[in-house]
Amino acid sequence: MKAVLPVGRSGSIGTLLAAATFAVSVACTSSSDDDGGESASSCAFLVDYKNRTYSDVANIDFTVEDKLGPATLPPCDDTPNDDDDGRTTPTSTTAYAVEGLDPSIAIAVGEEPGDARFVAVHSGNEIPSEVRKLINRS
């Protein structure tokens, strides 16, 4: 018996906004530091699972299915001037199947199914068509 939990972020956000969120989430951003005008980067939420890289997609209603296994959040040095060597360690998390989507397209990740976050394989700024269909249903 598999545990199926409805999870998601709903709203009246359309495909265009979701695509823009996806495009922004696959890139690092910069912000100015008030102390000296130096910029600091902020890392995108990326996940490595089965030799694929997935990126966060916001505002999607989805249902978590079976636990797939371990996934990894890659290292990120989002504070380059903090006197460390710039090498953070990868973080382990759990990958879950998403109802209606092949894991090669999208998964959910988190410590528990109820806390899982939807991520999809990214290729440039393109959202896979299967994910766009899910966005349109949200």
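Visitor: Where is V131 found?
Guide: V131 is found in helix α2. Helices (DSSP runs of H or I, at least four residues) and strands (runs of E, at least two) are numbered from the N terminus. Residues are numbered from 1 along each chain as its sequence is written. This is a predicted model: local features need pLDDT of at least 70, side-chain atom pairs count only at pLDDT 80 or more, and totals for chains, interfaces and linings use all residues, while side-chain values use heavy atoms, with hydrogens and water left out.

Visitor: V131, buried or exposed?
Guide: V131 has a relative accessible area of 0%, so it is buried. Buried means under 20% relative accessible area, exposed over 50%, and partly exposed in between (1.4 Å probe, protein chains only).

Visitor: And what is V131 in contact with?
Guide: Leaving aside neighbours within four places in sequence, V131 is in contact with I60, I105, A106, F118 and A120. Contact means heavy atoms within 4.5 Å. V131 and A106 are 25 residues apart in sequence, and their C-alpha atoms are 7.6 Å apart in space.

Visitor: How many residues are in the largest nonpolar core?
Guide: That core has 17 residues. A nonpolar core is a set of buried Ala, Val, Leu, Ile, Met, Phe, Trp, Tyr and Cys residues joined through side-chain atoms within 4.5 Å. I60, F62, A106, A108, F118 and V131 have the most contacts inside the largest one.

Visitor: Which elements give two or more residues to it?
Guide: They are β6 (61–73), β7 (91–98), β8, β9 (117–121) and α2 (129–137). Helix α2 gives the most, with 3 residues. Another core, of 8 residues, lies apart from this one; A95, I107, V109 and V119 are among its members.

Visitor: Switching to E65. Why does it count as buried?
Guide: E65 counts as buried because its relative accessibility is 17%. Its place is in strand β6.

Visitor: What about confidence? Which element has the lowest mean pLDDT?
Guide: Helix α1 (residues 15–25) has the lowest, at 40, and strand β8 (residues 106–110) the highest, at 97. The pLDDT is the predictor's confidence in each residue, from 0 to 100. Over residues 9–35 the pLDDT is below 50. The chain averages 74, and 62% of the residues score at least 70.

Visitor: Last one. How many helices and strands?
Guide: The protein chain has 2 helices and 9 strands. Along the sequence the pattern is β-α-β-β-β-β-β-β-β-β-α.
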